[in-house]
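This report describes how selected parts of one protein chain are arranged relative to one another. Please keep the sequence and the structure in view while reading.

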Amino acid sequence: MSTIAKDIAAILKKAGVAFQPLPKGWGSSSQEQIFLHLVPERVCAFDPHHRIVEATDYAHVLAAFAQATLGDFAPVNLRATGTVGGTVTVEFEHAGQAIRFKFAQDGHWVADAFHEQLRKFCKKHLPGNFLSVDTNISTDVYLPHKVIKQIEKKTRTFATTDALLDFVLTGPPLSDLLRAAQHLPMQ
């Protein structure tokens, strides 16, 4: 079993997040595969070729993310308006409060700005957030905020490009450098 898989399972266990144990001899170290096995009900996965043809497609996208929160997020009066190649507005109510995401929809894929606004909403209103576990941002897993921080620290994944850029510009912590040095050959 990979170190990453063991670390993630240990973090989930310590936080009290229910998960399916990994089978003995688990060989995959892909975070996507690890989470799809450990907590499949918390995963929101889209085919990388999922197309946004019209603004109303975002109602289905948001509903899929809401389902992965296991009841923490249940948007009501969900509405999406706008145009592909223009601006899209997604509106809904959560806990009696009106929420609006407004972003540019330049192509036919789920906009990065949608993901950013969803994460900001989760940070402010929910006990958890979405951790992107695939490089093409098509697979996200909903976890408590503290669990995401621990997993990011152990695996060094980043929720946003800005977080990655900040890490690159400021450099890794000394503990990360020492841990990396332990895995280098003596030459």
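A salt bridge is a side-chain nitrogen of Lys or Arg within 4 Å of a carboxyl oxygen of Asp or Glu. The structure shown is a predicted model, and a search of the whole of it finds three salt bridges. One of the pairs is R79 with E91, whose closest N and O atoms are 2.5 Å apart. R79 belongs to strand 2 (residues 76-82) and E91 to strand 3 (residues 86-94), so this pair ties together parts that are 12 residues apart in sequence.

**The sheet**

Strands of a sheet pair through backbone hydrogen bonds, in either a parallel or an antiparallel manner. Here, three strands form an open sheet in the order 1-6-5, and their pairing is antiparallel. Strand 1 (43-45) and strand 5 (128-132) are the edge strands, as each pairs on one side only. On average, neighbouring strands of this sheet are turned by 25° against each other, direction ignored.

Three bridges join strand 1 to strand 6 (residues 139-144) in the antiparallel sense. For V43, the bridge partner in strand 6 is V141. Helix 3 (residues 57-68) packs on the sheet and touches strand 1, strand 5 and strand 6. The direction of helix 3 makes about 155° with that of strand 1.

**Helix packing**

Two packed helices are described by the angle between their axes and the distance between the axes. The table gives these values for two pairs.

| Helix pair | Angle | Axis distance |
|---|---|---|
| Helix 1 (residues 3-15) and helix 5 (residues 145-155) | about 160° | 10 Å apart |
| Helix 1 and helix 2 (residues 31-38) | roughly 40° | within 10 Å |

How are helix 1 and helix 5 oriented to each other? Angles over 145 degrees count as roughly antiparallel, and helix 1 and helix 5 are therefore roughly antiparallel to each other. Their crossing is right-handed. On the side of helix 1, the contact is made by I4, D7, I8, I11, L12 and A15, and on the side of helix 5 by K146, V147, Q150, I151, K154 and T155. By class, this contact of helix 1 with helix 5 has seven nonpolar, two polar and three charged residues.

Helix 1 and helix 2, by their angle, are therefore oblique to each other, and the crossing of helix 1 and helix 2 is right-handed. In helix 1, I4, A5, I8, A9 and L12 meet Q31, I34, F35 and L38 of helix 2. The contact of helix 1 with helix 2 consists of eight nonpolar residues, one polar residue and no charged residue.

Conventions:
Residues numbered from 1 in each chain as written. Predicted model: local features only at pLDDT ≥ 70, side-chain atom pairs only at ≥ 80, totals over all residues. Heavy atoms only, no water. Pairing = 2+ DSSP bridges. Helix = DSSP H or I, 4+ residues; strand = E, 2+ residues; numbered from the N terminus. Axes fitted to C-alpha atoms, helices over the stretch in contact; angles between N-to-C directions. Contact = heavy atoms within 4.5 Å. Parallel < 35°, antiparallel > 145°, perpendicular 65-115°, else oblique. Left-handed = near helix turned anticlockwise from the far one by under 90°. Nonpolar A, V, L, I, M, F, W, Y, C, P; charged D, E, K, R; others polar.
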